[in-house]
Structures are given as C-alpha cells and as structure tokens.
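Subject: Structure for your review

Dear colleague,

Please find below the structure that I am handing over to you. My findings on its salt bridges and on one pair of helices follow it.

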Amino acid sequence: MAITDPATISTCTIDIERRGGRSEAGARALERQLQGISGVHDVDVSFRTGSVRISYDEGVTSDDTLREAVRDQRVSLQEDLERGTADASTRSELNREALFVGLTLLGMATGLVTGWLDGPPLLLWTGYGVAYVFGGWYGLKGAIETLRHRAVDIDLLMIVAALGALSIGAPFEGAMLLFLFSLSNTLQHYAIGRSRRAIKSLVEMRPDEAQVLRDGAEVTVPIDEVAVGDVFVVRPGDKIPLDGVVRDGEGTVDQASLTGESVPVPKEPGDDVFGGTINESGSLEIEVTRQAHESAISRLIHMVERAQSEKAPTQRLIDRLEQPYVLGVFALTIAAIAIPLALGSEFTGTFYRAMTLMVAASPCAVIISTPAAVLSAIASGGRQGVLFKGGEHVETAANIDAVAFDKTGTLTRGDTQLTDVFVRDGAGDGTLTDDDLLAVAAAVQARSEHHLARATVTAADDRSLTVPSARGFDSVAGKGVRADVEARTIHIGNRSYFDTVLGDTRIDGLQPGLERLRTLESEGKTSVLVAEERGDAVTVLGWLAFTDTVRPGAAEMIADIRSLGVEHIVMLTGDNERVAQRIAAEVGIDEVQAELLPEEKVTTIEDLVDRYENVAMVGDGVNDAPALATASLGVAMGGAGTDVALETADVVLMGDDLSKIPFVLGLGRKTRRTLLVNLAIAFGAIALMVGTILLRGIPLPLAVVGHEGSTVLVSLNGLRLLGYRE
C-alpha cells in the first residue's frame with residue numbers, strides 16, 4: 001500500500017449554492033461520490049451552510065479538478081454566480097418559501113371551510129390543490145435531488161405521508177402536514193440565516209471609502225483601491241475602513257464590534273487599529289498594513305463561516321444515522337400496513353394508522369436539533385469577539401475539566417518593566433556604572449524578541465543611553481543570550497544558563513551573583529545575571545531585575561471558571577518559581593509549573609490530559625503554539641493582530657479580554673445543555689407519539705402537530721444561544 005507524504009496533503013474549501021430542505025442526506029451522498037476520486041482523503045459537505053471541504057493529496061489531484069468534480073454533480077459554485085447574486089438569491093429564496101407557506105395556509109383553509117359549508121367541489125379541490133402544490137414544492141424538489149444521489153431523506157417521508165393521507169380521503173390532514181412541514185422548514189432556514197447574518201453584519205460596519213493622503217491632500221478612494229503603505233485620515237465619529245498602525249495623532253477607538261471590549265481603547269502612534277471599528281475621539285493618521293480582503297474583520301467573517309461548515313461530533317453522528325433511520329421508518333410503515341392486512345384488518349384504517357406512524361417517527365426535529373444550536377453558538381461567539389474554529393470546539397469547551405494558563409501576556413500584562421540595575425562591587429575595575437551595564441545589556445538584548453529583552457531595551461531608551469553595536473548574537477531557549485560587544489562576549493541569563501551553558505567555566509563573582517538573584521526572586525522579581533567573557537576569563541558584571549503586573553480582572557476570571565465546574569487550574573511559565581508562585585497566589589492558581597522550556601510545556605499539557613482528559617490551554621498564540629495544539633482546546637489571546645493565533649488555536653479571542661475565557665466555557669456548557677434539551681424534545685416526542693399510536697392510536701392531525709411542533713421548538717430553542725451573555 002502506498003504511503004502518502006503528509007507534506008503533500010492540502011485542504012480546499014469550495015463555497016456552493018445553499019439549498020433548501022431539512023435533510024443533509026444528499027450532502028452525504030455527494031461526500032461518498034467525491035471520496036471516490038483518486039487522491040481524496042476526506043470530504044465534508046453541507047448544503048445547509050453551502051460549503052464543501054476536501055482534504056486531498058496534491059500529488060494526485062488538484063483544487064481545480066475537485067471543483068470540476070463538484071460541478072459535474074450539478075452543484076452550483078458560489079464563484080460561478082455574479083458578485084452579490086448569492087446573498088440576494090438566498091434572501092429571495094427565503095421570501096419565496098414564506099410566500100409558499102402563506103399560499104399553503106390559504107389553500108388549506110379554503111378547502112377546510114368549503115368542506116364545512118358543503119361548498120362547490122371545484123373550490124374545495126382547488127384549495128387543497130394549491131396547498132399540496134405549494135406546500136410540497138420544496139419537499140418534492142429536495143426529495144428528487146436526494147434520490148438522484150441514490151439516497152432517501154425526510155423530505156421524501158413527508159411527501160409520501162401527505163400523498164398517503166390524500167389517497168385515503170384525508171386531504172386536510174395531508175395539507176396540514178405540508179403546511180407545518182414547510183413552515184418549520186422556513187423557520188429553520190431563518191434561524192440558520194440569522195446566525196450567518198449576525199456575522200455578516202460586521203461587513204456593513206466597514207465603510208466603502210477611505211480618506212487617503214495623496215500629495216498632502218485628502219482624496220476619497222474606494223477601500224479596494226487602497227494599497228498597503230497608504231495613509232488615511234479618520235476623525236472623531238468616523239469608522240476606520242482598514243487595518244493599520246497609527247502614525248500621527250492620539251484618540252480612543254471603540255473595538256467592541258471586533259474584539260468585544262466593553263470600553264474604548266486608547267490609541268497613540270505605533271498602536272494597531274482594525275477596520276470596522278469606530279474612532280471615538282481625536283484625529284488619527286493611519287498607515288495601511290492590510291488590504292480590505294486581508295483585514296481582521298474579513299478574516300473573522302471567513303473563519304466563522306468556515307467554522308459553521310465544520311460539524312460538531314453530535315451532528316456528525318446524527319448525519320450518519322439519518323439514512324438508516326429513514327429507511328427504518330419506511331420499513332416500519334410497510335410492516336404496519338402489511339402485517340394487519342395479512343391478519344384481516346380493514347385497509348383504510350390500517351393505511352391511515354401507518355401514515356400517522358410514518359409522520360410521528362420522522363426525525364425532522366432530531367436532524368435540526370444540533371445545527372440550530374451549534375451554529376447559533378458560533379455566531380454568538382463571533383459577535384462577542386470569540387472565534388470558534390468549528391462546531392467540534394464548542395462541544396469540547398463544554399467538557400473542560402482543567403485549564404492551563406501561560407503567565408506572561410496572558411495572566412499578566414506582558415509589559416514587563418526593568419526595576420533594578422545592580423553593578424557588582426569591583427566590576428569593570430570599579431569604574432562600571434549602572435548606565436554602562438544597562439547599555440551593554442541592551443546591545444545584546446536588542447537582537448531578542450523576549451519580553452525581558454524588550455524591557456531592557458526600553459529602559460535604555462528611556463535613559464537616552466548610547467547603546468553599542470553587537471555581533472554574533474546567539475540564544476538558548478528559556479535560559480539566556482550572548483553576543484560580542486566591543487571585543488568581549490556578553491552573557492545574559494538565568495541560573496540555568498550559567499549552570500549548563502557555562503557550567504564548566506570558572507566564573508568570577510558567580511556565587512554572590514546567584515545569592516542576589518535568589519534575594520530578588522524572593523521579592524517576586526525575575527532576575528538575570530550579566531557577565532563578560534574576555535579570553536578564558538568570565539566575570540559577573542551585575543544583575544538586572546524585572547517585574548510584571550497581573551492583568552485587571554485575572555482573579556475574578558479564575559473564580560468565574562471555577563464556578564463553571566473547572567476542577568484544576570495550572571500556570572505554565574518559563575519564569576522562575578518564586579515569581580510564578582507570587583502571581584499564582586495573587587490570582588488563585590492551584591498548581592504552578594515554572595522554568596519550563598517550550599517543549600516542557602507540551603509534556604506538562606500531555607500529563608494534564610492524562611489526569612483530567614479534557615484540558616484547555618490559554619496562551620498568546622506565538623511561543624505557546626505547540627502547547628495550544630496539544631491541549632484538548634487551545635485558546636489564543638489577542639487574535640485580532642496575531643496570524644499564528646488564527647492558525648494554531650481552536651478558539652481565538654480577538655481581543656485581550658480575560659473575561660472572554662469564562663464566556664467560552666460558559667457558552668460551551670450552555671450549548672451542551674441546549675443540545676440535551678433539544679434531543680430530549682425530539683426523541684421524546686417521537687417515542688411518545690409512536691408508543692401512543694401502537695397502543696391506542698391517535699389522529700393524523702395530532703401526529704402532524706406533535707411532529708412539526710417539536711421541530712419548531714428545537715429550532716427556536718437553539719436560536720436562543722444568539723443572545724447568550726456571560
């Protein structure tokens with residue numbers, strides 16, 4: 001058997017025209033046909049959300065080949081439609097469905113009233129004819145489409161049941177079935193459409209034009225024509241059209257539409273801003289960093305739509321069971337006809353009872369129970385600045401028993417500040433000053449992206465120090481750095497660096513330096529030694545101490561997730577033990593794992609998964625990427641400007657608001673409860689009605705009301721998640 005190189009595996013997402021109908025049996029059939037194509041590994045199709053996702057081997061097939069294969073199945077691609085046609089078509093289709101529901105009701109009422117008044121037979125049958133034609137139009141269309149894929153679905157069940165009722169002289173019951181069936185189908189489409197519109201409404205918040213500076217003058221330019229590097233102007237009250245960085249001016253920006261932050265965010269030169277947000281005060285000149293189609297808000301919309309096409313485990317299970325369940329209902333109906341007739345029962349009553357059984361046993365409410373809830377949950381998260389990258393992650397969030405937090409940039413602000421600069425007595429022949437030590441340290445740290453390095457460089461800038469140049473920069477992850485500065489090698493690191501990297505080297509002043517580090521760490525500060533190497537001699541010059549502050553609301557957030565039922569909370573950090581313990585005590589952490597290398601964080605997450613099974617990891621999405629990927633649920637902070645977060649994590653918080661973490665877990669748990677209620681309603685209604693029919697018998701209209709009523713109820717119950725708040 002050939003072995004596929006994982007490097008050649010790719011995934012394409014094909015947007016297709018959404019179709020009516022409650023069932024996804026046709027989508028399952030299309031999946032089976034596409035999986036028969038050479039090189040295809042996995043396929044996920046949803047006509048309901050209009051998406052086809054295919055995992056394939058690039059060495060065997062291609063994106064274009066797969067698109068043609070979808071077209072060959074007579075499925076329309078969104079890219080084949082004119083721009084703007086797809087959304088307009090969806091809206092007009094929903095309006096047409098609503099019109100057909102109204103005509104069905106009118107026809108049914110006409111037939112019923114005419115029968116009561118013993119009116120003309122022509123008017124009676126015209127009324128029922130209208131009800132059957134318009135009430136069964138979309139159901140018949142969907143059934144034929146599914147049959148074309150060699151499958152059966154619940155649309156076919158309803159059409160057969162309605163025609164069966166008509167054939168035994170019960171046209172009103174059949175018309176009522178079609179009316180309620182088409183009504184609940186329209187309500188379902190409205191519910192799904194609303195969850196999509198909740199995200200698409202963000203696009204409307206972004207202006208179509210920008211005031212771009214050209215040759216010193218402001219020029220109105222369509223945002224699609226604005227290039228990266230252009231500078232545009234926004235004034236108080238203006239909507240920011242594109243992502244960029246502030247070059248001039250100060251003000252506050254309302255980012256609630258994107259990040260869910262409840263208060264405006266101050267902006268000054270160097271700060272990032274995002275398209276679709278509102279400038280509340282101050283005039284800003286902003287340099288464009290992303291074109292319109294690459295903006296944070298566009299990426300949010302695209303990824304939420306992709307997430308809505310990725311099914312939750314419960315939905316995938318129900319989709320797999322739909323086809324055999326429908327066949328089982330047909331078999332049960334046939335048996336309900338054949339067995340009584342073989343025993344000598346009268347045909348009309350037997351057939352009527354079998355049609356009632358078919359209606360009662362149909363799984364409409366079961367089929368819609370999961371997507372109605374999960375899609376609404378994903379949309380609700382998107383509106384609050386929380387991106388779930390698939391329905392699976394919504395369900396995973398409901399089962400989290402332990403949460404691991406990165407410290408720096410997650411529980412703490414991440415804006416570490418240099419607090420102390422100490423020169424060792426006698427260092428540099430007694431002439432070395434604090435500023436000299438800081439300047440040398442900044443020269444080395446200027447090459448590093450570590451938060452301690454940034455704090456060192458910032459402190460040197462604040463003191464207006466002249467920083468020499470450095471060459472030959474090298475770093476040891478989680479331990480320290482070194483570089484050549486003015487004919488000597490400068491080493492900056494923690495105790496582990498000097499124990500391991502320089503362990504075999506005699507270091508003058510090491511013991512006093514380590515003792516001072518322990519003293520500083522006992523005060524809750526992170527500290528490092530600075531040493532110089534000249535020839536074979538290494539001498540400690542001094543030490544630097546840093547501190548970080550806990551984010552506001554961190555302790556409250558920890559308390560909130562405990563109240564949701566999380567059993568264990570852990571902090572993972574590369575920082576020293578004493579600093580980590582101080583932060584942990586301040587916010588209420590159960591366990592601290594300190595002085596960890598990135599790979600050790602992964603091992604710790606694996607251990608937590610073994611102990612608690614369902615573990616969430618919360619980090620900044622950059623250096624925590626491996627741990628985020630290892631956890632049951634990876635949650636990345638600050639995704640509005642972080643590409644790595646969007647790619648790595650399962651859930652992305654578009655802002656840095658810690659309160660969104662309880663929101664994620666709470667929404668997951670609320671969704672799980674909603675799913676359980678929906679499934680209880682759906683299966684309970686089926687069991688109650690089928691049991692009653694088999695034991696005592698109930699009228700067909702009552703079965704119709706029970707069946708369609710439960711479908712409408714689970715749709716509306718799922719839609720309630722759109723309004724979820726913490």
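Lys601 counts as buried because its relative accessibility is 7%, below the cut-off of 20%. Its partner is Asp406: the two side chains meet in a salt bridge, with 3.1 Å from N to O. Asp406 is likewise buried, at 4% relative accessibility. Please bear in mind that this is a predicted model.

Where in the chain do Lys601 and Asp406 lie? Lys601 belongs to helix 20 (residues 598-612) and Asp406 to strand 14 (residues 402-406), so the pair, 195 residues apart, links distant parts of the chain.

The structure holds 17 salt bridges, and two others deserve a description here.

In one of them, the side chains of Glu532 and Arg488 meet at 2.6 Å, N to O. Glu532 is located in strand 20 (residues 526-534), while Arg488 sits in the loop between strand 17 (480-484) and strand 18 (489-493); the pair therefore ties together parts that are 44 residues apart in sequence. Glu532 counts as buried at 11% relative accessibility, and Arg488 counts as buried at 12%. Both residues also belong to a network of salt bridges that links Glu486, Arg488, Glu532 and Arg534.

In the other, Arg611 and Glu591 form a salt bridge through their side chains, with 3.3 Å from N to O. Arg611 is in helix 20 and Glu591 in strand 23 (residues 591-593), 20 residues apart. Are these two residues buried, partly exposed or exposed? Arg611 is partly exposed, with a relative accessible area of 46%, whereas Glu591 counts as buried at 17%.

I turn now to the helices. Two packed helices are described by the angle between their axes and the distance between the axes. Helix 10 (residues 347-361) and helix 23 (residues 660-695) pack at an angle of about 165°, and their axes are 8 Å apart. Because angles over 145 degrees count as roughly antiparallel, helix 10 and helix 23 are roughly antiparallel to each other. Their crossing is left-handed. Helix 10 contributes Arg353, Thr356, Leu357, Ala360 and Ala361 to the contact, and helix 23 contributes Ile686, Met689, Val690, Ile693, Leu694 and Leu695. Sorted by class, the contact comprises nine nonpolar residues, one polar residue and one charged residue.

Yours sincerely,
A colleague

Terms used:
Residues are numbered from 1 along each chain as its sequence is written. This is a predicted model: local features need pLDDT of at least 70, side-chain atom pairs count only at pLDDT 80 or more; totals for chains, interfaces and linings use all residues. Side-chain values use heavy atoms; hydrogens and water are left out. Axes are lines fitted to C-alpha atoms, for helices over the stretch in contact, and angles run from 0 to 180 degrees between N-to-C directions. Helices (H or I, at least four residues) and strands (E, at least two) are DSSP runs, numbered from the N terminus. Angles under 35 degrees count as roughly parallel, over 145 as roughly antiparallel, 65 to 115 as roughly perpendicular and the rest as oblique. A crossing is left-handed if the near helix is turned anticlockwise from the far one by less than a right angle, and right-handed if clockwise. Contact means heavy atoms within 4.5 Å. Ala, Val, Leu, Ile, Met, Phe, Trp, Tyr, Cys and Pro count as nonpolar, Asp, Glu, Lys and Arg as charged, and the others, Gly among them, as polar. A salt bridge is a side-chain nitrogen of Lys or Arg within 4 Å of a carboxyl oxygen of Asp or Glu. Buried means under 20% relative accessible area, exposed over 50%, partly exposed in between (1.4 Å probe, protein chains only).
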